[in-house]
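Student: Could you walk me through reading a model like this one?
Tutor: Gladly, let us look at it together.

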Amino acid sequence: MRIEGRNELEGYLDDGFVAYPLDGDLRSAASLNLEYAINDCALALMAARLGHDGERRYLLRRAK
């Protein structure tokens with residue numbers, strides 16, 4: 001597992017969620033899902049303020 005960056009980002013982008021690991025810490029998937037959704041929502045708000053409507057819509061869909 002990496003120490004920095006977005007762990008399991010590929011699954012989050014492909015499937016829309018971080019899956020529970022079969023051989024790891026079950027608590028990490030739930031916290032990663034919440035963290036990524038909050039990050040995407042914050043980025044969507046920033047994109048809206050900057051006038052980047054396409055990015056705002058994309059990030060809000062990802063934050064759901």
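Here we go through salt bridges and then the nonpolar core.

Tutor: First, some ground rules: this is a predicted model, where local features need pLDDT of at least 70, side-chain atom pairs count only at pLDDT 80 or more, and totals for chains, interfaces and linings use all residues. Residues are numbered from 1 along each chain as its sequence is written, and side-chain values use heavy atoms, leaving out hydrogens and water.

Student: How many salt bridges does the structure hold?

Tutor: A salt bridge is a side-chain nitrogen of Lys or Arg within 4 Å of a carboxyl oxygen of Asp or Glu. The structure has three. One of them pairs Arg62 with Asp40, with the closest N and O atoms 2.8 Å apart. This pair links distant parts of the chain, 22 residues apart: Arg62 sits in helix H3 (residues 53-63) and Asp40 in helix H2. Helices here are DSSP runs (H or I, at least four residues), numbered from the N terminus.

Student: Is Asp40 buried or exposed?

Tutor: Buried means under 20% relative accessible area, exposed over 50%, and partly exposed in between (1.4 Å probe, protein chains only). Asp40 is buried, because its relative accessible area is 0%.

Student: Which residues are linked in a network of salt bridges?

Tutor: Asp53, Arg56 and Arg57. Asp53 meets Arg56 at 2.8 Å, N to O, and Arg57 at 2.3 Å.

Student: Which residues make up the largest nonpolar core?

Tutor: Such a core is a set of buried Ala, Val, Leu, Ile, Met, Phe, Trp, Tyr and Cys residues joined through side-chain atoms within 4.5 Å. The largest has six: Tyr12, Val18, Ala29, Leu32, Tyr36 and Ala37. Helix H2 (residues 26-50) gives the largest share, four residues.

Methods
Helix = DSSP H or I, 4+ residues; strand = E, 2+ residues; numbered from the N terminus.
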